[in-house]
2 protein chains.
Amino acid sequence: MNRATELFTELDRGNGTPLRAQLEHSVCDAIAGGGLRPGDRLPASRLLAEAAGVSRGVVSEAYAQLAAEGWIEIRRGRAPVVRAEAVAAPLPRRGRAEAAGPSSPARPRLDLTATAPDLARFPRRAWMAGTRRALAAMPDAALDYADPRGDEELRTVLAAYLVRVCGVAAAPERVVVTGGYTQGLWLACRALARRGARRVAVEDPSLDDSRATIRSAGLELVGVPVDGDGARIDPRLDADAFLVTPAHQFPTGALLSPERRRALLAWAAEGDRHVLEDDYDSEYAYDSPPVRTLQRLAPERVIYLGTASKTLAPALRMGWMAAPAELVEPIAAERWAVDSGGPAIAARAFAAMLAAGEVDRHIRRTRREYHLRRDRLVAALRERLPDCRVEGQSGGLHLLLRLPPGADEDAAVAALEQRRIRIRGLAGYRLAALEEAGAAGSPAGDGPALVVGYGRLPLASIDAVADALRDAIGAAG
Amino acid sequence: MNRATELFTELDRGNGTPLRAQLEHSVCDAIAGGGLRPGDRLPASRLLAEAAGVSRGVVSEAYAQLAAEGWIEIRRGRAPVVRAEAVAAPLPRRGRAEAAGPSSPARPRLDLTATAPDLARFPRRAWMAGTRRALAAMPDAALDYADPRGDEELRTVLAAYLVRVCGVAAAPERVVVTGGYTQGLWLACRALARRGARRVAVEDPSLDDSRATIRSAGLELVGVPVDGDGARIDPRLDADAFLVTPAHQFPTGALLSPERRRALLAWAAEGDRHVLEDDYDSEYAYDSPPVRTLQRLAPERVIYLGTASKTLAPALRMGWMAAPAELVEPIAAERWAVDSGGPAIAARAFAAMLAAGEVDRHIRRTRREYHLRRDRLVAALRERLPDCRVEGQSGGLHLLLRLPPGADEDAAVAALEQRRIRIRGLAGYRLAALEEAGAAGSPAGDGPALVVGYGRLPLASIDAVADALRDAIGAAG
């Protein structure tokens, strides 16, 4: 047994904290306290499991979590190593809802940016099995250039998934597989631009990355304020399309109200306009069944956009849309011109996972976990931050924490960053933050708030995070 | 032993034709002669191998080839079935250098369209092993959104590959991984357009699909005639960039002469212009080592574009570029906006294959095979078609067959299509075929010609193909 092993073999089976979480804490404490230094090796999971009297799986999961949080580095066939902050891998230079600002000093210990799923739970074995099945069954001809709408087998099982899980009115011939949500949005915007569209309305606040995508497709933006019922629909709105997140407004978490839904679809129908429905996280609905999609109500007006980034992993770059009949071919033509279509082996692997029920199973499993985290986080925030208000927590992987009036959102973000907790404030998602002054209307429900993602927040860290939030907001108040 | 087995168990070990080829012929003959009808099952490879006294691998390879040619359908765990023409899967609606025209009546028996590799040789096992290694070694963080230039591990081994195999001056920080050649071209054009570029010169004739890609990126086209020394470089050419295929002009097969190379780079340097070097098939050079890339001579002027579509399979959608330093960041920014970057597991799988030497090994193996096909095809064409001229055969997966003056290229293509041999004439690659009259100069070396791809032409079929070409050209003369 090496020295590192001794550091954390005293597990307490009686205190109610899961052994995995205790292991994680022990390692974190050892690193934070200087008992383990950058570059130090941790014991192999087998050795530690023996020493600690737990199953090897418990140790592996703890290590995976620690790696996800940036404490340690796992390499195949070698012992895990304590990460050296100084030589930590640089962050992705950009990331959907991920950038903590240009001044991020080091890799965060905890990542509370929104819409990030728990990557330690990515079902590697199922993906491998799907790949194996796909390669065994694919005829050679399926390795050629193919239909830019995407693999036919995948479109077939995906249509069934969309009907079953997401409440979409989908038929395989309306489904287009894309390289993620971003590409789906881009292609849809290009196809609309070719038909004469010029302006796309976006919610304010909303995902900032989408704006660059819309502009890249040659369209202009117009901001529409959001309140507790979602985007405020003005029947006189001068735009050709409307990008909305009706199930769980990003980032406020609001559910688009029935009245607003009707108003939005009426606006679209009246002016021969389109709705772009970004359904990024409706697989995770905790308090009630997911709301019916807009697409189901008006499949010829609504371009539905979905993604595997929140359920499986962003790195799959797997997304899809269900498009009005007349737009499918134009979208496919755009895709052919820009990249000649998507990869086939991954498409078939994903299709095999869907067909085998592995995707549904994974979503059920992770939904339970995220639900638990959501409950604990909300309870911890209410207990420790009575002056703040929790909103938008009904589903997905994030909620909105409204700070007391006058609190300094940026200062709170900076204070958390000092503790290596990465988080974003609401302000960064507002159009005014990026647009020229005057281009956007003033959003309702203004005021300081933090967007708290819990996709990567282990249960064991929730209380500590709530404490850190309290301290940061207190200092910034 | 079932009836089908009896049809082709009389192999002749003494006649010099490989057993695999004999098996293929037997099945083709049985189908063509009516002995096997659509829907009929073929014997399982194990049974046929026993009956014919050959190894099971020989039968499996023969079946794979027959499936690639469209005679039979292979499904995992079931016996192969003779394909019913009437219910044959539709062709991909579009394909790089692949569309035989809108009137294609049925799936072709033989596909002679250019630049298509032999998909039956795709190294499925190596891809699977690469995926396994990648998934075992990837830290969770690698499943997140990532660098839009592509996976760092892949860029590192890819840079080494480009130096070693392709003669590129590449460093990992100059390499950008793309979703295939098409996306690389599109991204490069967009980045150039943002710097003020308006016009891209393309070779005439050239790959027609690239023109839609360039236009999609917002640039105009100007055609430059091609002769036996490649594109004719005019120092007064009014364009901001030049897309060339210097190693093996597509589709004429010409090698860009040293004088033209110098002239092209001088033109670029003088006007602060760029060269887009499409190096689609230089891995397959048969008669001499591959020529040095333009990129190596002027890495700050030339955007080098490569692809795995010709060596491995188009369905991987794996391409790369080596870009001038000042363009890497703009290209990455374009990519982030349009699709948030590429998939990571496939990137790491490909990196693992490269690192293990599997890609080099696959290229060596297939190079031997294609070299043999090239030799046999050239010999067969020269023997049977003395009035035609073979050109551009020094490398790659296709050559140009110049028809006698006055021969009707379209009629020859149609006659071959009647025999279910898919091929394209030279005319379809000319700019004049697609552009408004007068936009392009008149290409030199005009006259009827067929572009003969042999990537999917089995050795066993070469004589029959030469016969079919002779008949078709004779009838069309």
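In this predicted model, chain A is divided into three domains, with domain 1 covering residues 1-86, domain 2 covering 124-356 and domain 3 covering 360-475. The centres of domain 2 and domain 3 of chain A, taken over C-alpha atoms, are separated by 26 Å, and the contact between these two domains involves 36 residues of domain 2 of chain A and 33 residues of domain 3 of chain A. The size of an interface is often given as the accessible area lost when the parts come together. For domain 2 and domain 3 of chain A, the buried area is about 2800 Å², and carbon and sulfur atoms give 54% of that area. On the side of domain 2 of chain A, A:Asp204, A:Tyr284 and A:Tyr286 supply 26% of the area buried against domain 3 of chain A, more than any other three residues.

The polar side of this domain interface can be followed next. Across the interface of domain 2 and domain 3 of chain A there are three salt bridges, and 16 residue pairs are in polar contact, both residues being at pLDDT 80 or more. A:Arg424 forms a salt bridge with A:Asp208, and the closest N and O atoms of this pair are 2.8 Å apart. As for the elements involved, α6 (152-166), β5 (199-204), α8 (208-216) and β6 (220-227) of chain A each supply at least two residues of the side of domain 2 of chain A that touches domain 3 of chain A. The largest share of that side, six residues, comes from β6(A). By class, the side of domain 2 of chain A that touches domain 3 of chain A has 17 nonpolar, seven polar and 12 charged residues.

From the contact within chain A, the reader can turn to the contact between the chains. Here 64 residues of chain B are in contact with 66 residues of chain A, and the area buried between chain B and chain A is about 5800 Å², with carbon and sulfur atoms giving 54% of it. Four salt bridges are found across the interface of chain B and chain A, and 26 residue pairs, both residues at pLDDT 80 or more, are in polar contact between the two chains. In one salt bridge the side chains of B:Asp140 and A:Arg124 meet, at 2.8 Å from N to O. The side of chain B that touches chain A receives two or more residues from each of α4 (56-68), α5 (124-137), α7, α8 (208-216), α11 (325-339) and α12 (344-355) of chain B, and the largest share, nine residues, comes from α5(B). The residues of this side of chain B divide into 33 nonpolar, 11 polar and 20 charged.

B:Gln183 is found in helix α7 (residues 181-194) of chain B, and B:Gln183 is buried, because its relative accessible area of 3% falls under the 20% cut-off. When residues up to four places away in sequence are not counted, B:Gln183 touches A:Val338 and A:Asp339 of chain A as well as B:Thr178, B:Arg335 and B:Asp339 of chain B.

Salt bridges also occur elsewhere, and a search of the whole structure finds 72 of them over all chains. Side chains of opposite charge can pair when their charged atoms come close. A:Glu334 forms a salt bridge with A:Arg194, with the closest N and O atoms 2.4 Å apart. A:Glu334 lies in helix α11 (residues 325-339) of chain A and A:Arg194 in helix α7 (residues 181-194) of chain A, so this pair ties together parts that are 140 residues apart in sequence. Within the pair, A:Glu334 counts as buried at 5% relative accessibility, whereas A:Arg194 is exposed, with a relative accessible area of 58%.

A second pair in chain A joins A:Glu391 and A:Arg402 in a salt bridge, the closest N and O atoms being 3.1 Å apart. A:Glu391 is in strand β12 (residues 389-391) of chain A and A:Arg402 in strand β13 (residues 398-402) of chain A, 11 residues apart, and A:Arg402 counts as buried at 11% relative accessibility. In chain B, the side chains of B:Glu259 and B:Arg262 meet in a salt bridge at 3.9 Å, N to O. Both residues, B:Glu259 and B:Arg262, lie in helix α9 (residues 258-270) of chain B, three residues apart, about one turn of the helix, and both are exposed. Finally, salt bridges that share partners join A:Arg384, A:Arg419, A:Asp463, A:Asp467, A:Arg470 and A:Asp471 into one network.

How values were computed. Residues numbered from 1 in each chain as written. Chains lettered and ligands numbered in written order. Predicted model: local features only at pLDDT ≥ 70, side-chain atom pairs only at ≥ 80, totals over all residues. Heavy atoms only, no water. Helix = DSSP H or I, 4+ residues; strand = E, 2+ residues; numbered from the N terminus. Buried < 20%, exposed > 50% of the residue type's maximum accessible area, 1.4 Å probe, protein only. Contact = heavy atoms within 4.5 Å. Domains from an automatic or database assignment. Buried area = accessible area lost by both parts, 1.4 Å probe. Polar contact = N/O pair within 3.5 Å; in protein donor to acceptor, adjacent residues only side chain to side chain. Nonpolar A, V, L, I, M, F, W, Y, C, P; charged D, E, K, R; others polar.
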